[in-house]
Amino acid sequence: MIIVSEDQSHAFDMTFEINRLRGLANDLEQILNGKKPDETELSNAPLIEGWTFVLRPVGCLTGKVTGHPGITQGDQGVTTEVFAFAPADGYVRTLSRYYRLGSPEGVPPDNAP
């Protein structure tokens, strides 16, 4: 996750993440189009022995969501993985979309009575 700061100190990390995600998107598109990695690509890839599939937690946000195409207005929701978190600018970018940031947990919304 990149935490976006006002002084742009995040720029190096962002460039790295952008390139990594572009590489992933390019590889997935190749697989979708029927192009599997060839022997040369796989011979240069790390080998993993004794593997098993596991899940690991990733950073995400949870809260009451409004304006989402798949979550009922005002329901509790969980975002996909957070890639850029900019609370000073009022937004977060997850894997799937931007969200506007309202008040964090424990802080009443600006429009509260």
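A: E1 and strand E4 (residues 82-86) pair in the parallel sense over 2 bridges. Two strands count as paired if DSSP finds at least two bridges between them. Strands are DSSP runs of E with at least two residues, helices runs of H or I with at least four, numbered from the N terminus. The model is predicted, so local features need pLDDT of at least 70 and side-chain atom pairs pLDDT 80 or more, while totals for chains, interfaces and linings use all residues. Residues are numbered from 1 along each chain as its sequence is written, and side-chain values use heavy atoms, without hydrogens or water.

Across this pair of strands, Ile-3 faces Phe-85 of E4. E1 and E4 belong to an open sheet of 4 strands. The order runs E1-E4-E5-E6, and the pairing is mixed. Strand E1 (2-3) is at one edge and strand E6 (98-100) is at the other. Each has a single partner strand, so one side of each lacks a neighbour in the sheet.

Now take Val-82, which falls within the 82-86 range of E4. Val-82 is part of the largest nonpolar core, a set of 5 residues. Setting aside residues up to four places away in sequence, Val-82 has contacts (heavy atoms within 4.5 Å) with Met-1, Gly-59, Cys-60, Leu-61, Val-92, Arg-93 and Thr-94.

Leu-61 sits in the loop that runs between helix H2 (39-43) and strand E2 (62-64). Along the chain, Leu-61 and Val-82 are 21 residues apart. Their C-alpha atoms are separated by 7.5 Å. Leu-61 has a relative accessible area of 28%, so Leu-61 is partly exposed. The classes are buried under 20%, exposed over 50% and partly exposed in between (1.4 Å probe, protein chains only). Again leaving out residues up to four places away, Leu-61 touches Gly-77, Val-78, Thr-79, Val-82, Val-92 and Leu-101.

Thr-79 comes next. Thr-79 lies in the loop between strand E3 (76-78) and E4. Its relative accessibility is 11%, so Thr-79 counts as buried. Beyond residues up to four places away, Thr-79 touches Cys-60, Leu-61, Thr-94 and Tyr-99. Cys-60, Leu-61 and Thr-94 are also on the contact list of Val-82.

The structure holds 2 salt bridges. In each, a side-chain nitrogen of Lys or Arg is within 4 Å of a carboxyl oxygen of Asp or Glu. One joins Glu-17 to Arg-20, at 2.7 Å from N to O. The two residues are 3 apart in helix H1, so about one helical turn separates them. Glu-17 is buried at 13% relative accessibility, whereas Arg-20 is exposed at 51%. The other salt bridge links Lys-35 and Glu-41, at 3.8 Å from N to O. Lys-35 is partly exposed, with 41% relative accessibility. Glu-41 is also partly exposed, with a relative accessible area of 40%.

Definitions and conventions. Core = buried A, V, L, I, M, F, W, Y, C linked by side-chain atoms within 4.5 Å.
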